[in-house]
Amino acid sequence: MSNPLEDVKARLAMASGASRRDLLIQLNELIVSVETTEETVKRIGLYPLQTSVAKIGQDLGIFELLTNCGPQSLEQLQTSTKAHPRTLGRLLRYMASLGLIGEAGINLFEANETCRKFATPEGVITLTHFWDNGMALWQTMPEFLRKHNYQDVTNGRATVFQSAFKTDEDLYEWFHQNPVNQASIFEFMELQKATRGVWFDKYPIQGETRSWDPNMPVWVDMGGNVGHYCALFKEKFPEVPGRVILQDIPLTIEKALRTPGVENMSHDFFEEQPIKGSKYYHLGWVLHNWNDEKSAQILRQIKLAMTAESVLLINDVVVPYSKVPAWAASLDIMMMAVCGAQERTMKEWADLLGGAGLSVKECTVYDTEQCHGIISATL
Ligand SMILES: C[S@@+](CC[C@H](N)C(=O)[O-])C[C@H]1O[C@@H](n2cnc3c(N)ncnc32)[C@H](O)[C@@H]1O
């Protein structure tokens with residue numbers, strides 16, 4: 001008789017996109033259906049403690065040690081980490097009970113799949129960012145929303161973020177005063193390039209720029225952070241003629257990559273765009289940081305710099321009208337919490353762009369699980 005769990009595993013391994021997501025939801029429903037109420041509520045209620053020990057596991061290098069050095073006794077781990085054996089033993093016991101690490105015997109621990117995932121650079125960068133820049137928000141958000149009677153949150157200077165981090169500054173001003181948090185988000189954004197950069201392979205950049213004037217700007221990345229997407233543009237399209245320009249606020253430009261062929265320029269996107277007539281103006285994960293009014297101001301400045309040949313490319317989340325995957329729904333809550341902003345459906349994008357006098361040419365959702373889309377708009 002075949003093992004039903006192996007069957008499910010095999011089906012999941014073959015599934016992709018929405019059908020994979022449906023299977024994962026069904027699996028989760030299966031777990032809940034066999035748990036008692038107490039088990040389900042305790043499990044979800046203690047997620048913050050789980051995140052906390054996962055962070056401690058990473059800080060102590062437990063996941064790397066088990067992944068790279070094979071099974072380790074409590075004594076060996078104590079020698080490597082210098083933690084007190086009693087504290088360490090209690091933490092390891094809890095990690096093992098959660099399945100974060102495996103247990104091979106009494107006080108003997110080993111890597112399992114979860115442990116190996118947390119030991120990867122991706123695991124370290126993602127958890128570090130969520131911990132450094134997220135945890136305080138999630139703890140503050142219920143009280144913040146209660147105090148504000150659960151009204152629409154649209155003021156980026158008075159949202160959960162300011163309450164949680166006890167500041168009057170907006171997110172990006174604050175990051176510059178808090179380099180540890182800034183480094184966490186910069187590394188996380190660079191990591192996202194692997195998934196968010198794939199649209200370059202689907203959009204006809206080469207076809208659209210074949211006869212572009214090499215003296216004209218071809219790619220202006222506004223709010224381009226330290227320049228990951230300018231570097232990717234140069235890497236993917238070294239032969240595309242024209243200037244490639246990275247724009248961001250001065251404190252970010254100071255830390256920008258020095259990519260050959262990329263001009264780094266300080267520019268506030270609420271001000272007049274000095275680079276006129278570029279083939280592309282790119283806004284990646286920018287407008288989801290701003291409410292509709294502020295986003296319209298940014299778009300109007302771009303519109304004034306565009307010519308009939310220019311294309312505005314927006315690389316941002318396109319929220320489906322139903323069954324929104326958890327990652328996109330969580331990003332939307334994060335944008336509310338940190339910027340008083342939001343992720344948008346296609347209708348909301350069309351209304352925003354139309355309101356700024358731009359016409360949507362095309363929208364491709366190139367990653368349906370993370371809802372990453374590329375929207376092109378022209379005059
Ligand atoms: C979420 S990051 C997006 C970075 C990058 N475009 C990407 O897709 O990963 C938003 C960027 O907007 C920049 N920014 C914020 N306010 C700005 C302003 N007024 N003018 C220009 N850039 C700004 C921030 O410094 C940050 O690098």
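Modeller: The part to begin with is alanine 350, which is found in helix 18, residues 346-355. The model is predicted. The C-alpha atom of alanine 350 lies 9.9 Å from that of cysteine 363, and the two residues are 13 apart along the chain.

Cysteine 371 is found in the loop between strand 10 (359-367) and strand 11 (372-378). Its phi is positive, at about 60°, although the residue is not a glycine. Most residues other than glycine have a negative phi. Cysteine 371 has 22 C-beta neighbours inside 10 Å, so it counts as buried.

Asparagine 107 also has a positive phi, of about 55°, without being a glycine. This residue sits in the loop between strand 2 (102-105) and strand 3 (108-110). Asparagine 107 counts as partly exposed, because 17 C-beta neighbours lie inside 10 Å.

Threonine 209 belongs to helix 13, residues 205-209. With 18 other C-beta atoms within 10 Å, threonine 209 is partly exposed. Leaving aside neighbours within four places in sequence, its contacts are Val218, Val240, Pro241, Gly242 and Lys279.

Leucine 65 lies in helix 5, residues 62-69. It counts as buried, because 21 C-beta neighbours lie inside 10 Å. Not counting residues up to four places away in sequence, leucine 65 touches Gln72, Leu77 and Ser80. Leucine 65 and threonine 37 are 28 residues apart along the chain, and their C-alpha atoms are separated by 36 Å.

Helix 2, residues 17-34, is hardly covered: the count of buried residues among its 18 residues is zero. Its length can be checked against expectation. At 1.5 Å a residue, the 18 residues should span 26 Å, and the end C-alpha atoms are 26 Å apart, which agrees.

Next comes the packing between helices, starting with helix 4. Helix 4 (residues 47-59) and helix 7 (residues 85-98) pack at an angle of about 120°, with their axes 10 Å apart. That angle makes helix 4 oblique to helix 7, because the roughly perpendicular range is 65 to 115 degrees and roughly antiparallel applies over 145. Helix 4 passes helix 7 in a left-handed crossing. On the helix 4 side the residues are Gln50, Val53, Ile56 and Gly57, and they meet Leu91, Tyr94, Met95 and Leu98 in helix 7. By class, this contact of helix 4 with helix 7 has six nonpolar, two polar and no charged residues.

Helix 4 also packs against helix 9. The axes of helix 4 and helix 9 come within 10 Å and cross at roughly 130°. These two helices are therefore oblique to each other. Helix 4 passes helix 9 in a left-handed crossing. The contact is made by Thr51, Ala54, Lys55 and Gln58 of helix 4, together with Val124, Leu127 and Trp131 of helix 9. Sorted by class, the contact of helix 4 with helix 9 has four nonpolar, two polar and one charged residues.

Helix 9 in turn packs against helix 12. Helix 9 (residues 121-147) and helix 12 (residues 179-196) pack at an angle of about 135°, and their axes are 9 Å apart. That makes helix 9 oblique to helix 12. The crossing of helix 9 and helix 12 is left-handed. From helix 9, Glu122, Ile125, Thr126, Thr128, His129, Asp132 and Asn133 take part, and from helix 12 they meet Val180, Asn181, Ser184, Ile185, Glu187, Phe188 and Leu191. By class, the contact of helix 9 with helix 12 has five nonpolar, six polar and three charged residues.

Definitions and conventions
Residues are numbered from 1 along each chain as its sequence is written. This is a predicted model: local features need pLDDT of at least 70, side-chain atom pairs count only at pLDDT 80 or more; totals for chains, interfaces and linings use all residues. Helices (H or I, at least four residues) and strands (E, at least two) are DSSP runs, numbered from the N terminus. The expected span of a helix is 1.5 Å times one less than its number of residues. A residue is buried if 20 or more other C-beta atoms lie within 10 Å of its own, exposed if 12 or fewer, and partly exposed in between; C-beta atoms are placed from the backbone. Axes are lines fitted to C-alpha atoms, for helices over the stretch in contact, and angles run from 0 to 180 degrees between N-to-C directions. Angles under 35 degrees count as roughly parallel, over 145 as roughly antiparallel, 65 to 115 as roughly perpendicular and the rest as oblique. A crossing is left-handed if the near helix is turned anticlockwise from the far one by less than a right angle, and right-handed if clockwise. Two residues are in contact if their C-beta atoms, placed from the backbone, lie within 7 Å. Ala, Val, Leu, Ile, Met, Phe, Trp, Tyr, Cys and Pro count as nonpolar, Asp, Glu, Lys and Arg as charged, and the others, Gly among them, as polar.
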